[in-house]
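Trainee: Could you take me through one part of this model closely, the place where the two chains meet and the spaces around it? I would like one connected account.

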Amino acid sequence: MDIQLKKGLLEICVLAVLKKEDSYGYQLIKDISKQIEISESTLYPILKRLEGSQCLMTYSREHNGRLRKYYKINEAGVLRIHEFIKDWDSIMKVFDFIKGADEND
Amino acid sequence: MTKKEFVDILNKQLKYLPLKERQKTLTYYEEIFEDYEEEGLSEEEVALKLGSPIVIANEILDETHISGRKPMSVLMIILLVLGFPLWGSLVATAAILLLTVYILIWIPVVILGSFSIAFLAAGVVGIIGVPFVMMEGLGIGVVQLGMAILCVGLCIPSTIACINVTKHLVKATRFITQKWMKIFKKQEVL
């Protein structure tokens, strides 16, 4: 898949997982991997970007005698998901246009 | 690679990142290690799964638009060029001093070597000369023979000393050179 396209999709995937419940790095990878390939090193910059744009916040909770960082979705994050879904119609139109052009060859 | 090695390399590669940012990154990867280990993977297996920490660090640096090496400013280059007469002569002095140290170290070897060669030459020449001196008088001849044999005898300890000192100095020189190389290499990495 195109890298830029995948980056965009992964951001929304992370938000989608977090919308269900708060999660942490390892669990996020496990959950998202079921839909789309993601590695530890791709997830990190995505989390950083989402935190930077206020889409999510973090907190630490103890787990097995150590601290684990949890990610929690913010209002802006929920809005991002809605926007993505709303945008999908126009994306599909562009997709049909591209596909149509390819088939006319 | 162990978890510590992985984190250490990552830490080193990210040294131009702000401290807070760097710690966040390290915590993230430490946590990934711990979570995988809870699942039963070994540190080595996790490191293999994550891939090269150098590649990971470079990706992070690309993302934050900070290159691993700070670029040299124009001012710095101008100062370097203008300052050449000063730092050039300083570097030359340092090089000559270094050379002097090496020469001084090797002087004992040269002295001991000269001793053994001189004793050997004196002994050989002395022994060859004995028959001729004998013609002058038996007493002088015997003294000459004795001195010549003494010279040959003295040649042996000085040769042994020379060889031993050389062996030790080769070791010492190698050690000093390695130390120098280390210093230069460190500066290169910086």
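**The pocket, the interface and the cavities**

Mentor: In this predicted model, 17 residues line the largest pocket, and those nearest its centre are I3(A), K7(A), S41(A), T42(A) and E59(B). The volume of this pocket is about 340 Å³. Its lining draws on both chains: α1 (3–20) and α3 (40–52) of chain A and α4 of chain B each contribute at least two residues. Sorted by class, the lining of the largest pocket has seven nonpolar, three polar and seven charged residues.

From the pocket we can turn to the interface itself. On one side, 19 residues of chain B make contact, and on the other, 22 residues of chain A. The size of an interface is often given as the accessible area lost when the parts come together. For chain B and chain A, the buried area is about 1800 Å², and carbon and sulfur atoms account for 46% of that area.

The polar side of the interface can be listed pair by pair. There are 12 residue pairs in polar contact across the interface of chain B and chain A, with both residues at pLDDT 80 or more. On the chain B side, α2 (19–38), α3 (43–50) and α4 (53–64) each provide at least two of the residues that touch chain A. Of the elements on that side, α2(B) gives the most, with 11 residues. The residues of chain B that touch chain A comprise seven nonpolar, two polar and 10 charged.

Next come the salt bridges. Over all chains the structure holds 14 salt bridges, and eight salt bridges are found across the interface of chain B and chain A. One of the pairs is E34(B) with R66(A), whose side chains meet at 3.3 Å, N to O. Another salt bridge is formed by the side chains of E21(B) and K48(A), at 3.7 Å from N to O. Helix α2 of chain B holds E21(B) and helix α3 of chain A holds K48(A), so this pair joins two chains. A further salt bridge brings together the side chains of R68(A) and D35(B), with an N to O distance of 2.6 Å. Here R68(A) sits in strand β2 of chain A and D35(B) in helix α2 of chain B, so this pair also joins two chains.

Counting cavities of 30 Å³ or more gives two. The largest cavity contains about 60 Å³ of space. Its lining consists of Y44(A), L47(A), K48(A), E51(A), K69(A) and Y71(A) from chain A, with K24(B) and Y28(B) from chain B. K48(A), a lining residue of this cavity, is also the partner of E21(B) in the salt bridge described above. By element, α3 and β2 (66–73) of chain A and α2 of chain B each supply at least two residues of the lining of the largest cavity. The main contributor to that lining is α3(A), with four residues. By class, four of the lining residues are nonpolar, none is polar and four are charged.

The second largest cavity has a volume of about 40 Å³. Around it stand K69(A) and Y71(A) of chain A, and T27(B), Y28(B) and E31(B) of chain B. For the second largest cavity, β2 of chain A and α2 of chain B each provide at least two lining residues. Here α2(B) gives the most, with three residues. The lining of the second largest cavity has two nonpolar, one polar and two charged residues.

Definitions and conventions
Residues are numbered from 1 along each chain as its sequence is written. Chains are lettered from A and ligands numbered from 1 in the order in which they are written. This is a predicted model: local features need pLDDT of at least 70, side-chain atom pairs count only at pLDDT 80 or more; totals for chains, interfaces and linings use all residues. Side-chain values use heavy atoms; hydrogens and water are left out. Contact means heavy atoms within 4.5 Å. Buried area is the accessible area (1.4 Å probe) that two parts lose on being put together, summed over both. A salt bridge is a side-chain nitrogen of Lys or Arg within 4 Å of a carboxyl oxygen of Asp or Glu. A polar contact is a pair of N or O atoms within 3.5 Å; within protein, one must be able to donate a hydrogen and the other to accept it, and residues adjacent in sequence count only if both atoms are side-chain atoms. Ala, Val, Leu, Ile, Met, Phe, Trp, Tyr, Cys and Pro count as nonpolar, Asp, Glu, Lys and Arg as charged, and the others, Gly among them, as polar. On a 1 Å grid over the protein atoms alone, a cavity is a set of points where a 1.4 Å probe fits but cannot get out, and a pocket is an open set with protein on both sides within 12 Å along at least five of seven lines; lining residues have an atom within 4 Å of a point. Grid points are joined across faces, edges and corners, and a volume is the space filled by probe spheres set on the points.
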